Amino acid sequence: MSLLAIETTCDETAAAIISPERKILSSVVASQDELHARWRGVVPEIASRAHVERIIPIIDQATHEAGIQKSQIKAVAVAIRPGLIGSLLIGLSAAKAIASSLRVPLIGYDHLAAHLYACRLAFGEELRYPAIGLVASGGHTSLFQLHSPITLQALGSTIDDAVGEAFDKVASMLGLGYPGGPQIEKLAEHGNPHSRRFPRPLANDFSRLDFSFSGLKTAVRYQIWPPGDQHARTLTDEERADLAAAFQQAAVESVVAKVGLAIQKTGCRVVAVGGGVTANKALRSALEDLGKRHRATILIPPTELCTDNAAMGAIAWEHIDR
């Protein structure tokens, strides 16, 4: 018997089939990047309409690739928070209809907890509790203390922009495509991260575990369009690469500083990491270096489990097993 998991919190339509042993039998993700590229950001109404068109074909593909019949589905799991309300409703409606028709339990799971549960799928018992959890994505930058897979204690979060949103906005300023994270990372490879010293907001505030990226984003803007000027500067390719590299380093250092502080404050020596931004190589490398300095185990799933997917909906088995 298997679990059908559905994910529609933002702009990815995803479905997966997971066995009770947490083996991923199939994982299908339909990206909407091409639909939102012209806006350089997610348009909620467009995302919702795309989910309506794609949700049933994606579920059918997931069951087909897993080699199971729908009668073999023991339960249906769906992400119910947080996310875009219209997108969430599409996934929930589909999940309720399938669960009702199959007469199996319907389980709602937390999207952020699921991102961190991806470390359990990738590393098994290496994820020991209590642990620290970092979610870094386009909509969230949050730190938790994990007491169990489904028991999360909030430690801190962004007070303004999420780190992924900052990447997207800076990419737009530099005339890059969407999504901005991979574009910034690619351009930064050709730049000098020490060419400019951008601010690391709240990084040196040792009294709190919150993040801030709005000031960093504004500092980049002022490099392109200085205050008082009527027009933006025309940047050379070298300047654009240097800006991307300096911004990326500031963003990465801001995140890593708070993870290090969380290790010190909690005493936890295991850190679970999730969210699309953790696919960034510079961030992954910096977190691994942090782990060595603090003698902590840093668990970062493979890229396909970092970005939004339904396989991490395997967390619903934790609810079933209880």
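Both F211 and F213 are buried. They belong to a predicted model, in which the count of aromatic pairs comes to 2.

**Aromatic pairs**

- A pair of aromatic rings is described by the distance of the centres and the angle of the planes.
- The count for this model is 2 aromatic pairs.
- The ring centres of F167 and F247 are 5.0 Å apart and the planes stand at 70 degrees, so this pair is edge-to-face.
- Because F167 is in helix 5 (residues 163–173) and F247 is in helix 8 (residues 237–266), the pair ties together parts that are 80 residues apart in sequence.
- F167 has a relative accessibility of 4% and therefore counts as buried.
- F247 likewise counts as buried, because its relative accessibility is 1%.
- F211 and F213 form a stacked aromatic pair, with 6.3 Å from centre to centre and 10 degrees between the planes.

**Charge over a ring**

- R38 is placed over the face of W39, at 4.3 Å from the ring centre.

**Crossing of helix 5 and helix 6**

- Two packed helices are described by the angle between their axes and the distance between the axes.
- The axes of helix 5 and helix 6 (residues 180–188) come within 8 Å of each other and cross at roughly 65 degrees.
- This crossing of helix 5 and helix 6 is left-handed.
- Helix 5 contributes F167, D168, V170 and A171 to the contact, and helix 6 contributes G180, G181 and I184.
- By class, the residues of this contact of helix 5 with helix 6 comprise 4 nonpolar, 2 polar and 1 charged.

**H294**

- H294 is located in helix 9 (residues 281–294).
- With a relative accessibility of 19%, H294 counts as buried, because the cut-off for that class is under 20%.
- Leaving aside residues up to four places away in sequence, H294 touches G260, I263, Q264 and R269.

**K74**

- K74 is located in strand 4 (residues 73–81).
- The relative accessible area of K74 is 39%, so this residue is partly exposed.
- Leaving aside residues up to four places away in sequence, K74 touches M1, S2, V104, P105, W317 and I320.
- K74 and L176 are 102 residues apart along the chain, and their C-alpha atoms are separated by 45 Å.

How values were computed
Residues are numbered from 1 along each chain as its sequence is written. This is a predicted model: local features need pLDDT of at least 70, side-chain atom pairs count only at pLDDT 80 or more; totals for chains, interfaces and linings use all residues. Side-chain values use heavy atoms; hydrogens and water are left out. Rings of Phe, Tyr and Trp (its six-membered ring) pair if their centres lie within 6.5 Å; planes under 30 degrees apart count as stacked, over 60 as edge-to-face and the rest as tilted. Helices (H or I, at least four residues) and strands (E, at least two) are DSSP runs, numbered from the N terminus. Buried means under 20% relative accessible area, exposed over 50%, partly exposed in between (1.4 Å probe, protein chains only). A charge sits over a ring if NZ of Lys or CZ of Arg is within 6 Å of the ring centre and within 35 degrees of the ring normal. Axes are lines fitted to C-alpha atoms, for helices over the stretch in contact, and angles run from 0 to 180 degrees between N-to-C directions. A crossing is left-handed if the near helix is turned anticlockwise from the far one by less than a right angle, and right-handed if clockwise. Contact means heavy atoms within 4.5 Å. Ala, Val, Leu, Ile, Met, Phe, Trp, Tyr, Cys and Pro count as nonpolar, Asp, Glu, Lys and Arg as charged, and the others, Gly among them, as polar.
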